[in-house]
Every structure is written in structure tokens, then in C-alpha cells.
Amino acid sequence: MRTIRSLTLLGVVLAIAPAGVSPAADAGRTWLEDGIRASLSGSKVKDRDLAIAALSGDASEPSTRLLSALLDGALYCDKDSGAVFIQENGVFLDLDGKDAGVAAARLKKSAVDNKQRKEIAAILNRRRLSDPDPEKRRTASAALMEIGAPELEREALTALIQAEKDPATAKNLRTALGIRLAKDADGDTETLLRAVEWLSAGGQPPAGLALELLAASPRREVASAAADALYWGKVGRDWTAIAETTFFGLSLGSILVLAAIGLAITFGVMGVINMAHGELIMIGAYVAWGMQRLLPGNSAAALFLSVPAAFLIAGAIGMVMERGIIRFLYSRPLETLLATFGVSLILQQAVRSIFSPLNRAVENPAFMSGMWQIGRSFNVTRGRFYILVFSAGVFFLIYAALRWTRLGLEVRAVSQNRAIARALGVRDARVDALTFGMGSGVAGLAGVALSQITNVGPNLGQAYIVDSFMVVVFGGVGNLWGAMIGGLILGIANKALEPFSGAMLSRIFILVFIILFIQKRPRGLFPQQGRAAES
Amino acid sequence: MKKNVKLALLGVLLISISAAMAGAAETIKVGVMHSLSGTMAISETTLKDVMLMLVEEQNKKGGLLGRRLEAVVVDPASDWPVFAEKARQLLTQDRVDVVFGCWTSVSRKSVLPVFEELNGLLFYPVQYEGEESSRNIIYTGAAPNQQAIPAIDYLRDELEVERWILAGTDYVFPRTANKIIEAYLKAQGVVDADIMINYTPFSHSDWQSIVAEIKKFGSAGKKTAVVSTLNGDANVPFYKELANQDLTAAAIPVMAFSVGEEELSGIDTKPLVGHLAAWNYFQSVDSEENAEFIAKWHAFTKDEKRVTNDPMEAHYIGFNAWVQAVEKAGSTDVDAVLEAIIGISVPNLGGGMATVLKNHHLTKPVLIGEIQSDGQFQVVWETDDLVPGDAWSDHLEGSRDLIADWTDPVNCGNYNVKTKTCGGQ
């Protein structure tokens, strides 16, 4: 009953237009007339064209609000009456911004397609260019340089530049004007030379394209100035490309290192060929997913909490594996390989049966998504950067634990000479279990990091097991530094090759290289030295 | 007297046992051959469930030809040679009357000789690369002209795309589909410099440099789109990297041929809004048949959140077409069913009809959908009419003159209309 009454009320409000919101809305104004409303609530996406065209001509605040809601997919229509609501934080507001108190079940989203979204974004961006807030003007002017951005008219740009006081915004606007001038290719030599100056100051890809147009200009002065600017732009881009490839390589390497550190402990230090290592990574990723389910709406906290949780859970599973199966098979590598391979299949199918074979969606917290722009065109993706930092942190913690703690000392003692270590009172069985647990726990940590960039599903582990072994063998068995350096080298080499040979061939090249390398140096980059290495 | 009663009782018992046995022998067996373990379980498990649901439904309606249907489920474990073994087992040991199964093209290629040798009947429910028509297979998924070509038309006409990136996983479907798309684009006057082709291994997870390259390719001043034939696991890291590098659908839209509702349920779709997919069915399609199907599916799986997708619709159509063909033929004999099934029309889930054509493909509508933040698709474009599936692409050298026709007098899967011979020459 209440809904019905509020709906009728709303109908009245809509009919007389929200006079309180927009001062321009006098009695004769029909900014949300029936035609537009019908167009917003129509069942076909194309129906929206009419409303967008009508709203684009009306720069009032409610029209902007309506358009941005349409853009964000927050505009809903009543299925029967066609009344329009804007969703904000799960509440449906009417056009006055008051809670309309309608049930979501009665509403249907007013959808738009790509083309319309682009159109709306352009309309809103144009309005934002004359917003009183300089911050908004700056982002709006930067958006003019993005891929596929709509262009403004020369007169409009000139007017905006004259009115603009913020230097960054003015610079962007001038670049946009430069692009426009280059495309039209008219104006005297002086104007075009100024355009070259603006464009080379801008430096974004569309500016580069505009410079190329000017470099082909019949006026010699303009052409040579543009060619100069292009040359320096190209030099800058070459350096950016090198920096980019290095970052991509380090980032891929950091993931390889993260996946391999656990194996460097269990395989490198203990000599256990653990084929279930990948599944321990997968369990870590599922812990990240589970934590996110436990703390809905707070993905950042869930991610931080899943770091210790994944370490403990994967570590505990690793210890159970060691106590239950692996300890009976020490010094029988072939049987260990087969047994752990069996465990890996069991774990995979268990996950399939318990959580379904489908992948699970793990959200990226806000601080993990997006990128930083450094300089003109060098971008660093945040998620990758944090994973790199995380990977380095995990490495140094494990390194410190093995180097400077009592347990680390015992681990090294047992791995070097079990009999003597026992004679000196080291409880080797306990050390074995803890070492294996630590290696498995680190695999769990890798899983948390991977949940941010790839699928969380039963097959996650398989994708990383080969790479992990590759890194450990390449770096040198029994050496943490080897795993670190080896992983980074493989990552960078892979990314350096990729632009020339494609992802498929670069992987093959790397594998062939490792085969040859192992032929030459069977003990890897950093072979173990001393007597322990002989056994 | 007592003895007689005993004998009579024994007789009754024997008769009822033999009757029961006869009844058991008379069930119609429906083979279901989808991977329930291994890499492909992610996609195929759902199809097994939908087949069990369809069989159960049919039994509730009183079975078929007065007999009950019985589903025989096998698990080929995502292992291509095992597909052939399981197909042989279904046809020779379990003696099934029909098989619904396979997902990847390589698994279909692996079972094809088995079905032809033992004269079985396979319903294949997934969109595929075409260039094939077997007497023993009904292709209920889309051929390239029912998915790829209309999608390219949409990008070119509606979004005014001029530069193309064809990104695919390195195996038979993307390679063939991209060959067809490339030939089609070039026939339209697109030059080499405006086409970039990129193949990646299965489950490729590090997309940083490729996405950076796409960005560079897309900033040449012409509207650019990615046509993605990436398979399975590679999609999530790909879309995540696109979002991380701020490539929105407004700048460079991605049109995917293998991403459906099921795949999206494993992705956080908020950064993906506006990217596209081309299918013949979406769960969001507004029709009575679809609403009923979704309700049944939720009731069967006891899970309100389970999504439906295009290959499920293909099985729905295929199963109903088979049921009608069996009723028309009056038997489950493969030859009789194959003869009866051509020309049969059954409702699809979009409110239209699907007809089984002479080339063992179907008529289908083509829909373009945009990804929404809730993991569903919003239909933004559809073909006006049903598109008949074309087994042999008109855009490839060597397959242009071929047709498939499984009716007399042609009765051939690769008939050359120029030379009037069967055998592809």
C-alpha cells in the first residue's frame, strides 16, 4: 500500500518536474517529459538514444545526475508505471534524491550499450570541463587525450583555454587544441608551429599521431619542427618501452619466485620432490576466496587476513602430508614423486567435489587495481607492484628464518648431515615436519597473491608446478638465492622475448635454453658448495 | 493341491521376474559423455547436469515410445584419447541409442571415427570452427557464420571498428575461426596493417605485455576492437589485466566467442562492464520458454544461483529434436532417426524455432550481449532472422564450393557443387 502511494506521489513529482532542484525548471519546462521517460524505460537498448539526445541539450544538475546514473548502470525503471529511480548505496532514490521506498523486485535496470556509454561520457566530460572544481576540470581535460575520446570544436577549446586558470588543465586543453589544429591542417605557419610546441609538451599517443600529421605538412618549417619533436618523442618512448619490459619481467619473475620459494625449501633443502606443491598454492588461493566470503564488502581486510590464514592452513596440510606419507618415503625419490602426484590429484578432485569445478571470483580491493602513471607514458599497475613487494618480503623473511633462527640452523644441519645432527641432539623428525610445513605455508602465501591476478579454481596449481620446478632447478637446488635470481632472470627473459616471438615461442625458447643450460651446468646457477653437495 | 499352488506361485514369480527383466532391457539408453574431472570439468559438468534434468523431465512425461529413458554417464576426464575409448564403450558395451557429449573440437575429432565406424549418433552442443559435417553427428552449437561473422558485422557497422586484434588460444578452434575472420575482413578491404593476430598457450596468465601491445595498437587513431577466441582459464587474467591497465570497453571493446555466463561466474565483472560476447542464447533473454527452463534448472540443481548458458540451450534443443525424431521414426534405430530428424523444428529458449537442416546444423538467432556488473549479459543487438548454420565457410579458399547434405541423392558431408563429387575435391 505504501509503495503504491509513494509511487503515485512520485508520478505527480515527475509530472511537475523537480522545481526545487533546478532553478531553470519553471512551469513550462518538460525536461523529463513522457517521451524521455518512455525512452528510459523501454525494453530495447536502442530506446535510450532519444533520452540521451534530449538530455544532452540540457546542462541542468538533474539532467547530469540522470546521465551519470545511466552511465554507471544505476538507473532503474518501474516495470509497470515507467517511473525512474536512481540507485545509490543499495537504496532507490527518486529524482529529488529522496528514498523512494520501492522494492528492487519491481524495478528493471535501464541498460545502455557501448556506443551510448561513450556518448554520455563525452557529454558529461564536456560539462565537467567548465566545472568550478579545478580537480574535476583537470581529470576531464586529461580524458580528452584518452583512446577514442571525442573531440571538441576549436572555438570551444579556445574559449576554455582563455578561461582556465589551472596550469595542468590549460596544458591538456592546449594539447587538445593542437590535435584539432593538426587534423584540420589550416591556420598560418605561426599557429601550426605553436601547435607543434603544445603537442610535444603533451606527449600522449593522440598527440604523437597529430605530430605525424604535421610532419607531413607542406610547410617546411612546420614539418621539420614536428619531425624534431617526433624524434625526441620516439627516444622517450624507446626508454619507456625498456622500462616497461623490465617491470613486466620483474613482475612475472616475482610471481615465479613466490611460487618457487616454497619448493626451494621442500625440494631444495629437504630433497623431497613434491608434486602436490601446486595444489598447496591452490589451497592458499581458496583461503583468500573463503576469507572474502567471510568478510563480504571488505576485500582489503580479507586479503590481509588471508595472508596468515593461508600460511597456517597450507602449512598444516603440508605437515599432515609429511607425517602421513612422505616421511615413509625419504630416500626413495621415485616413490615420493608418485605418492605426491597422487596427493595432488586427490586434492584437485576434492576441491572440485567440495567447491564445484567452477572458478571462484576473488575481488581485487581498490588499492590493488588501477595503475600509477610515471612520466608521460610509463605505467605501473598497482596490483603487480604490490605483489612484487610482497614477494620480496616473503623471500627475505624466509631467508632470515633459515639464516638466523634456531629452527633455521637445525634445518640446515639436518639437510647437510642428518646423522651428525641427530647425534648432536637435533630432533630430526620434528625438524622435517616443520620444514615441510614452512615450505607448504609459503606455497599458500603464493596462492593468496595469485588469487589477485588469475583464476581461483581446481586447476590453478597445475599451471604453476612446472614453472616452479624450472626456477628451482635453474637457480640451483638447495639455494634460496638461486631461486630468487633464477626466477627474476626467467621472468625478464620471457618478457624481453615476447614482443618479438609471441607468447608461445618465447616459452619454448626459455624451455630449450634451460635444457641446454642444465646440460652445461647440471647444478644450476648457484650450485651448493662443500661437502654437503657431494651426497 | 498345495504343490500346485506352489507351482503356480513359482510360475507367477518367474513371469513377473522375466517381465521385470524385459522392462529393464527396454529402457532407452541416453549416453552422456562430458568430462567430470580434469581441466574441462569446469565447463562440461554443467552439461552433464542439464542432460540428467532433461532425461528426468522426459520420464515424468511418460518416457519415449512408452519406454523409460535411462542416462548412462561416463567421464572421459578431459583426456582426448579417453573420449574415443568411452565412446566405444558406450556404443558397444552399454549399447546406448544416442550420445550427448564433447566440448572441445579435439575431443569431437577424436570420437568422430568411432561414431562413424559403429554407426552411433552424437549431439555436439558447442559453437565450433565448422569445416566438418559427419553423417553421425548433429551439430547443435553455432557454426562460424552463426557467431563470428555476425559479430564482426556488428563491430564494423555499429561500433565503427576499423582496426582488429584477433587474440586466441593456440589450438584448432581459434586458428580456424581467425583464418575465416581474417579472410572475411580482407574481403571487406581491411589492410594487413590494421589486423593484429596473437596466439597464446592454454591457461596463459601473464598478459602484461600483450595488453600493453593491444593498447599501443589501439592508439593509432582508428577505432580498435579485440576479437577474442581465448579459451577457459586464460580469460580471467586477461580481463583483469585489461582493467588494471585502464582499458575500458569504451576505448577498446573485447568481443568474446567463448565467454558465457558460466565463465563470468568466476570473475569479478565490475571492471568488465561493456565488453561483448556473441552467442545464440543468453540467460537474460526475455521469453516464456527461458523463464520456465531457468526455473526448472534451479529446482533441479536446488541452487538459485546456478546460471544457464548457450551450450545448455544447445543440449535442450538437441534433446527435444531427438525425442521428436524418435517419435516420428517410431524407433530409436540410428538410421531411422537420422532420416526423421532432418526438417524437425523444436522451440529454442529465445522464443523462436530451431530447425535441423540437411547439413546436420541448426537455424539459430545470433545475439550480441554486453557484460553487466551482475555477471549477466544485456542483449544489445540481434539478427532479424534465424541464421542457418553453414558447415563449410564461404570465406575460405577450398571450402567455398563445398556443401553438406545428408538427404538423397547427395548424402555427403563434403559435396563439391562445382565438380559434383563427394569427397571435398
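So, which residues is V394(A) in contact with, once we leave aside its neighbours within four places in sequence? The answer is L258(A), I261(A), V442(A) and L445(A), where contact means heavy atoms within 4.5 Å.

Quick housekeeping before I go on. This is a predicted model, so local features need pLDDT of at least 70 and side-chain atom pairs count only at pLDDT 80 or more, while totals for chains, interfaces and linings use all residues. Residues are numbered from 1 along each chain as its sequence is written, chains are lettered from A and ligands numbered from 1 in the order in which they are written, and side-chain values use heavy atoms, with hydrogens and water left out.

Okay, back to V394(A). It's one of the residues that touch the most other members in the largest nonpolar core, which has 74 residues. By nonpolar core I mean a set of buried Ala, Val, Leu, Ile, Met, Phe, Trp, Tyr and Cys residues joined through side-chain atoms within 4.5 Å. Buried is under 20% relative accessible area, exposed is over 50%, and partly exposed is in between, with a 1.4 Å probe and protein chains only. Helix α11 of chain A, residues 220-269, gives the most to this core, with 13 residues. Helices here are DSSP runs of H or I with at least four residues, strands are runs of E with at least two, and both are numbered from the N terminus.

Apart from that core lies another, of 65 residues, with A84(B), A340(B), V356(B) and W406(B) among them.

α11(A) and helix α15 of chain A, residues 382-404, pack at about 35°, axes 9 Å apart. Axes are lines fitted to C-alpha atoms, for helices over the stretch in contact, and angles run from 0 to 180 degrees between N-to-C directions. On the α11(A) side the contact includes L258(A) and I261(A), and on the α15(A) side it includes V394(A) and I398(A). By class that contact has 14 nonpolar, three polar and one charged residues. For the classes, Ala, Val, Leu, Ile, Met, Phe, Trp, Tyr, Cys and Pro count as nonpolar, Asp, Glu, Lys and Arg as charged, and the others, Gly among them, as polar.

Next pair, still in chain A. Helix α12, residues 277-294, and helix α13, residues 299-324, have axes that come within 8 Å and cross at roughly 140°. α12(A) and α13(A) are therefore oblique to each other; under 35 degrees counts as roughly parallel, over 145 as roughly antiparallel, 65 to 115 as roughly perpendicular, and the rest as oblique. α12(A) passes α13(A) in a right-handed crossing. Who makes the contact? Among them are G284(A) and V287(A) of α12(A), and A302(A), A309(A) and G318(A) of α13(A). The class count is twelve nonpolar, five polar and no charged residues.

Then there's Y464(A), in helix α19 of chain A, residues 460-475. Y464(A) is buried, at 5% relative accessible area. Neighbours within four places aside, its contacts are I255(A), I281(A), L450(A), T454(A) and, from chain B, S205(B). Its C-alpha is 9.6 Å from that of M282(A), 182 residues away along the chain.

Over to chain B, and A84(B) again. Helix α3, residues 80-93, and helix α4, residues 105-117, have axes that come within 8 Å and cross at roughly 30°. That makes α3(B) roughly parallel to α4(B). The contact includes W80(B), F83(B) and A84(B) from α3(B), and V106(B), V111(B) and F115(B) from α4(B). By class it has nine nonpolar, two polar and two charged residues.

R95(B), in the loop between α3 and β3 (98-101), isn't a glycine but has a positive phi near 50°. R95(B) counts as exposed, at 62% relative accessibility. E131(B), not a glycine either, has a positive phi of about 60°, and sits in the loop between β4 (122-124) and β5 (137-139). And a cis peptide bond joins D408(B) and P409(B), omega about 5°; P409(B) is in the loop between β17 (402-405) and β18 (412-416).

Terms used
Left-handed = near helix turned anticlockwise from the far one by under 90°.
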